[in-house]
Amino acid sequence: MKCRVCGAELKPTSTDLPFKVREAGIVIVKSLPVLQCGTCPEYLIEDAVLGRVDRILAHVAPGTDLEIIRYAA
Ligand SMILES: [Zn+2]
């Protein structure tokens with residue numbers, strides 16, 4: 001797959017990313033698989049990964065301010 005910004009090849013890697021949940025909650029998902037551009041800061045999260053992140057976020061308790069969850073494939 002190619003970067004939509006610069007057209008370079010995207011390479012699979014893993015990173016830690018924050019996601020907003022509900023009003024004020026932040027969940028940091030660690031070791032998230034992403035496709036990272038080799039030449040610019042652009043990255044892409046695949047639909048299957050995003051779907052799993054949605055399910056992870058759905059289990060976060062109401063009222064959580066900050067939670068760190070490890071993404072496990
Ligand atoms: Zn790029």
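User: Is C3 buried or exposed?

Analyst: This is a predicted model, and in it C3 has a relative accessibility of 6%. The cut-off for buried is under 20%, so C3 counts as buried.

User: And C40, buried or exposed?

Analyst: C40 counts as buried because its relative accessibility is 18%.

User: Which residues coordinate the zinc ion?

Analyst: The zinc ion is held by the SG atoms of C3, C6, C37 and C40, at 2.3 to 2.4 Å. Along the chain these donors have the spacing C-x2-C-x30-C-x2-C.

User: Where do C3 and C40 sit in the fold?

Analyst: C3 is in the segment before β1 (10–21), and C40 is in the loop between β2 (25–37) and β3 (43–44). The pair therefore ties together parts that lie 37 residues apart in sequence.

User: What is the arrangement of the donor atoms around the zinc ion?

Analyst: Tetrahedral, because the 4 donor atoms subtend angles of 100 to 120 degrees.

User: Switching to the helix. Which residues of α1 are buried?

Analyst: V49, V53, I56 and L57. They cover an arc of only 95 degrees around the axis, so they are on the same side of α1.

User: Why would residues three or four places apart point the same way?

Analyst: Because an α-helix has 3.6 residues a turn.

User: What do the buried residues of α1 pack against?

Analyst: β1, β2 and β4 (66–70). The face turned away from that buried side carries the exposed residues D47, A48, D54, R55 and A58.

User: How far apart are the end C-alpha atoms of α1?

Analyst: They are 16 Å apart, which agrees with the 16 Å that the 12 residues (47–58) should span at 1.5 Å a residue.

Terms used:
Residues numbered from 1 in each chain as written. Predicted model: local features only at pLDDT ≥ 70, side-chain atom pairs only at ≥ 80, totals over all residues. Heavy atoms only, no water. Donors = N, O, S within 2.8 Å, 3.2 Å for Na, K, Ca; no water. Tetrahedral: all angles 85-135°; square planar, octahedral: opposite > 155°, others 65-115°. Helix = DSSP H or I, 4+ residues; strand = E, 2+ residues; numbered from the N terminus. Buried < 20%, exposed > 50% of the residue type's maximum accessible area, 1.4 Å probe, protein only. Expected span 1.5 Å × (residues − 1). Arc of directions from axis to C-beta. Contact = heavy atoms within 4.5 Å.
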